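Q: I've got a structure open here and would like to talk it through. Can we start with the terms and then go piece by piece?

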Amino acid sequence: MTIAAPPPIPKAAGSLPLLGHAIPLMRDNLSFIASLRAYGPLVEIRLQPQQPTLVVNDPALIRTMLVDVAPTLDKGRFFEKMGQLLGDSVVTAAGTEHVRKRRQLQPAFRHTEITRYVDLMREQVTTTMAGWRPGQVLDVREVMVKLSLDMLSATVFSSSIDEAAFHRLRHDLSVVMNGVGTRIMLPDWAEKLPLPANRRFTAARDAVRATIGEAVNTLRASGRDTEDMLSLLLRAEDEQTGQPLTAHQICSEILTLAVAGTETTASVLSWVLYELARNPAIDERVQTELDEVLGERPVTFDDLTQLPYLGRVINEALRLHHTGWLVTRRTLKPTRLGQWEIPADTELAYCQHALHRDPALFPDPLRFNPDRWLDEDQAQLADGAFLPFGAGKHKCIGDRYAQAEITTAIATITRAWRLTLAPGQSIRPVARATVRPSTLKMTARPRERVTQKGEQLA
């Protein structure tokens with residue numbers, strides 16, 4: 001019996017010599033990547049003019065890539081660009097090196113540690129809200145980035161970085177993350193040009209590493225154990241040498257936590273607050289659940305699993321507004337992906353943002369509907385259709401930390417304040433290294449609540 005050859009992999013229109021698909025990517029990368037789903041399970045684009053990238057659209061093939069054939073793959077282009085900031089960290093490493101680094105970080109994300117982190121996170125949220133005034137218009141994403149950095153400081157650095165250093169870190173991280181996003185879309189030769197943007201990127205990258213490095217060196221010199229993630233890494237040993245981790249190794253891992261714990265978390269928090277403002281009925285259900293579970297006390301770790309509706313709201317934000325727009329892998333040897341035999345040294349990619357908005361997978365995909373995550377609906381989802389934290393051996397190591405952080409922040413903020421959208425805005429997703437909202441201005445007003453005793457609280 002003759003086995004039919006697989007269909008040829010289509011090539012996306014619009015590629016140019018020397019530039020590949022840089023122009024449609026720079027013009028509107030989210031729309032361009034979303035348009036690729038019309039080509040079928042696989043489609044070829046050009047990020048590098050001489051090297052194709054295969055964008056994987058089919059959920060089953062994405063799962064195969066992330067789980068089944070993961071040992072035959074390297075991290076690929078996106079992570080190489082992230083490596084310009086992070087160095088050799090758990091995010092950028094592959095193979096046995098990734099496994100080794102993951103083991104070194106894993107204790108920081110144990111159940112017992114996250115239990116303690118929730119109280120620290122809640123304290124930072126409360127401190128942030130103390131500075132708000134009734135009727136104040138907030139730049140929500142900027143506020144959420146600052147809050148995310150504060151929560152990071154409390155759990156990673158024990159607040160050992162001062163305000164001035166944090167301001168610099170926020171600015172420099174923004175420059176670097178924008179630069180990483182641009183460098184993914186442009187050919188490699190563009191980043192070698194003596195352009196102001198390239199000089200800004202290099203200066204900001206060096207400044208970020210210097211700020212983190214100074215915190216590492218200061219704590220190491222003090223000999224104190226502050227019982228935070230930084231202290232844990234200072235106690236860790238390199239499995240290969242048996243020696244303590246170098247300052248450079250620690251800096252790379254802390255930078256990874258800083259990027260994951262600020263840019264992505266701040267964007268998800270912003271989108272949740274945006275959707276609650278747009279959907280008063282959903283906001284009311286969240287408040288009813290919080291009142292029933294918490295009464296008049298603050299949220300704690302034990303409450304996180306007792307808030308199923310809020311959990312569905314956050315899941316829906318992770319679906320509709322996912323922060324990942326291009327995740328890459330690279331084949332180390334010939335690799336079978338469904339019907340296709342993929343040659344060695346081929347770049348693969350998938351887009352969570354486009355995947356989660358596919359109407360074939362999620363009916364009425366642009367509607368914010370937390371109840372699509374009721375158990376019976378979840379059971380019908382194809383494997384690989386919803387990947388908020390990735391999958392397989394490279395699944396996000398901080399997924400439980402992030403979920404605890406987002407749930408704690410939203411529960412604490414929305415019980416005290418109602419945020420409404422300032423008029424005249426057009427809110428849209430903007431993709432650089434991550435997908436985030438364009439300028440999001442919201443007006444803060446104290447939320448009036450009625451206690452179980454019938455007393456009205458401001």
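This is a predicted model: local features need pLDDT of at least 70, side-chain atom pairs count only at pLDDT 80 or more; totals for chains, interfaces and linings use all residues.

Q: Fine. Which residues of α3 are buried?
A: In α3, they are Arg77, Phe78, Phe79, Lys81, Met82, Leu85 and Leu86.

Q: What do the buried residues of α3 pack against?
A: Helices α7 (163-185), α8 (196-222) and α10 (247-278), plus strands β1 (42-48), β5 (327-331) and β8.

Q: And what follows α3?
A: Gly87, with a positive phi near 70°.

Q: Let's move to β8. Where does Glu347 lie?
A: Glu347 is in strand β8, which runs over residues 347-350.

Q: Is Glu347 buried or exposed?
A: Buried: its relative accessible area is 2%, and the cut-off is under 20%.

Q: Which side chain does Glu347 make a polar contact with?
A: That of Arg330, at 2.9 Å.

Q: What else does Glu347 touch?
A: Leaving aside residues up to four places away in sequence, Glu347 touches Pro52, Thr53, Leu54, Gly76, Arg77, Thr328, Arg329 and Arg330. One of these, Arg77, is also among the buried residues of α3.

Q: What about Asp345?
A: Asp345 has a positive phi of about 65°, and it is not a glycine. Asp345 sits in the loop between β7 (340-342) and β8.

Q: Now the whole thing. How many helices and strands?
A: The protein has 15 helices and 14 strands. Its radius of gyration is 22 Å, close to the 23 Å the globule rule gives for 458 residues, so the protein is as compact as a globular protein of that length.

Q: What does the C-alpha trace span?
A: About 75 × 55 × 45 Å along the principal axes.

Q: How much of the protein is buried?
A: Buried residues are 56% of the 458.

Q: Last one: how far apart are the mean positions of the positive and negative charges?
A: They are 5 Å apart, for 54 positive and 53 negative charges.

Methods: Residues are numbered from 1 along each chain as its sequence is written. Side-chain values use heavy atoms; hydrogens and water are left out. Helices (H or I, at least four residues) and strands (E, at least two) are DSSP runs, numbered from the N terminus. The radius of gyration is taken over C-alpha atoms; the globule rule is 2.2 Å times the number of residues to the power 0.38. Buried means under 20% relative accessible area, exposed over 50%, partly exposed in between (1.4 Å probe, protein chains only). Lys and Arg count as positive and Asp and Glu as negative; His and the chain ends are not counted. The place of a charge is taken as NZ of Lys, CZ of Arg, CG of Asp or CD of Glu. A polar contact is a pair of N or O atoms within 3.5 Å; within protein, one must be able to donate a hydrogen and the other to accept it, and residues adjacent in sequence count only if both atoms are side-chain atoms. Contact means heavy atoms within 4.5 Å.
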